Amino acid sequence: MLQSTGHYHSTINHLIFEDKKMSQTNTQPDFVGLRGILWPIHSFELKKFLPMGFMMLCILFNYTILRDIKDVLVVLAPAGGAETISFLKLYGVTPSAILFMVVFVKLANALSRENLFYAIIVPFLVFFAAFAFVIYPNKEALHMSLETIKSLQAAYPTFHWVIPVVGNWSFSLFYILAELWGSVVLSMLFWQFANQITKVYEAKRFYGLFGMIGNFGLMLSGSLIFFCSQFAKAMEATTVDKSAAFSFNLKLQMTMVAVAGLLTIGIYWWMQRNVLTDPRLYEVGQESGGKKKKPKLSLSESFKYIVSSPYLGLIAVIVLAYGVSINLVEGVWKGQIRIRFPNENDYAAFMGQFSFSTGLTTVILMLIGNNILRRLSWFGAAIITPIMVLVTSFVFFGFILYGNAYNPFTELTTPFMTTTIVMAAVMIGMVQNILSKATKYSLFDSTKQMAYIPLDPELKTKGQAAVEVIGGRAGKSGGAFIQSTLLMAVGGGATLASLAPILGGVVVVIVVLWCLSVAGLSKKFEDLTKK
């Protein structure tokens, strides 16, 4: 009886709190003019909003450095290439994501949310630091020799691109963990925390700006990557050899990753003690809507719960579609970058410029996107990203097909207007990636995360983890499966550029399915929000 009475009073207090909070929010004047466009945040909300924005900046800062370095390592590895990425994603990243999911669910049942955050993020930082200062300087002793890799490739042509993945195993491990950083720390840990402490009416104002602030991390990291790579390149002109110069570059960048990671942990620790204890900003149990919490489920029960939810299924399709489509385009594009920039520091410098441009474009689109989230329906905001991917991919693959007609992609000197064919392909691909990623960060991520908010705690936590980690990785591995299967079927040293007609057609089909899923999810989201 006492427990029932306590639960009743708890529910009533929750409803009174929500009514007061909604009343306060509704009675406050609407944001108008530039304030409404640039900064629709109430003063009392800054205590919650700013730390979350800076946390996202640090996470994206690391994500950008890790993303660029992992490509440099595997694409320019001995006997490697952009084609190895598809095998890494399919046979390395996806099994690792599934293994991580098993570990995560076990830890989620054993640890508090705060300790779970620390237990997940710290091992990443330890490995990245160890790679730069211990593993990479001793890579010759740890890896297969170039002669061994080439002899195995000649003996087993079907596995031409698999052998460098195994032979350069530490680079492959770095690639896998760098990929998981984006899915685990950004897509899961950060956004689960944001969804835990943010209401729907706050999310429409907060989430777009989170991304805008966070993408200053891309601009900052892109600039630092370029600076470190140029400095290392200058070292090559002295007595320092190329490998030692890149090793120094790697140490600089992994030190920055460790610092940004520790800042992320510090912000999260501070918010646990200063934001989640402030009743103006967070009420204990608000994520469950005042409902009685459901018991924790086992691993098998959690997956059955997820599979039985059509709503989560539609979110998974959207995540899969983005991963497959962008992966198919990036594979071809990175192959052209390798031809144009065969030096590690030059490759890293170019990726730094690419990251800076992506961050700048994203910040601009964030200003537009945040107002789109506030003024348009969920469907209107969510459909923009697949349309952007479709249009830009059509232009890029069209140019690749034009280049293939003249078979110029093995010759840097083939002219095209005022540059070479390869450089033109690199620049067109860069524009495609910048626009696709900018709309992804400004609209896709925000609308996707908003879709989780009306769900109950079990689907929010374990369901979101499954969709983001397994679904996100399966999206990229789906594209990797298509690429790797075609490469193995052709055999030998076949390149992704030669497969452009098939890959371009697959992208069109995938994006159409993406648009249909957005339409279906929109109806369900509106119904849940009303309820």
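Trainee: How many residues does helix H14 have, and how far does it reach from its first C-alpha to its last?
Mentor: Helix H14, residues 310-340, has 31 residues and reaches 45 Å between those two atoms, close to the 45 Å expected at 1.5 Å a residue, where the expected span is 1.5 Å times one less than the number of residues. Helices here are DSSP runs of H or I with at least four residues, numbered from the N terminus. Keep in mind that this is a predicted model, in which local features need pLDDT of at least 70 and side-chain atom pairs count only at pLDDT 80 or more, while totals for chains, interfaces and linings use all residues. Residues are numbered from 1 along each chain as its sequence is written, and side-chain values use heavy atoms, with hydrogens and water left out.

Trainee: How many of the residues of H14 are buried?
Mentor: In H14, 24 of the 31 residues are buried, so the helix is mostly covered; buried means under 20% relative accessible area, with exposed over 50% and partly exposed in between, using a 1.4 Å probe and protein chains only.

Trainee: New topic: where is Ile176, and is Ile176 buried or exposed?
Mentor: Ile176 lies in helix H9, residues 169-197, and counts as buried because its relative accessibility is 11%.

Trainee: And which residues is Ile176 in contact with, beyond its neighbours in sequence?
Mentor: Leaving aside neighbours within four places in sequence, Ile176 is in contact (heavy atoms within 4.5 Å) with Leu88, Gly92, Val93 and Ser96. The C-alpha atoms of Ile176 and Gly92 are separated by 6.4 Å, although the two residues are 84 apart along the chain.

Trainee: What about H3 and H4, at what angle do their axes cross?
Mentor: The axes of H3 and H4 cross at roughly 115 degrees and come within 9 Å, the axes being lines fitted to C-alpha atoms over the stretch in contact, with angles from 0 to 180 degrees between N-to-C directions. The two helices are therefore roughly perpendicular, since angles under 35 degrees count as roughly parallel, over 145 as roughly antiparallel, 65 to 115 as roughly perpendicular and the rest as oblique.

Trainee: Which residues meet there?
Mentor: Asp71, Val74 and Val75 in H3 meet Thr84, Ile85 and Leu88 in H4.

Trainee: And what lies in the loop between those two helices?
Mentor: Ala79 has its place in the loop between H3 (46-75) and H4 (83-110), and its phi is near 65 degrees, a positive value in a residue other than glycine.
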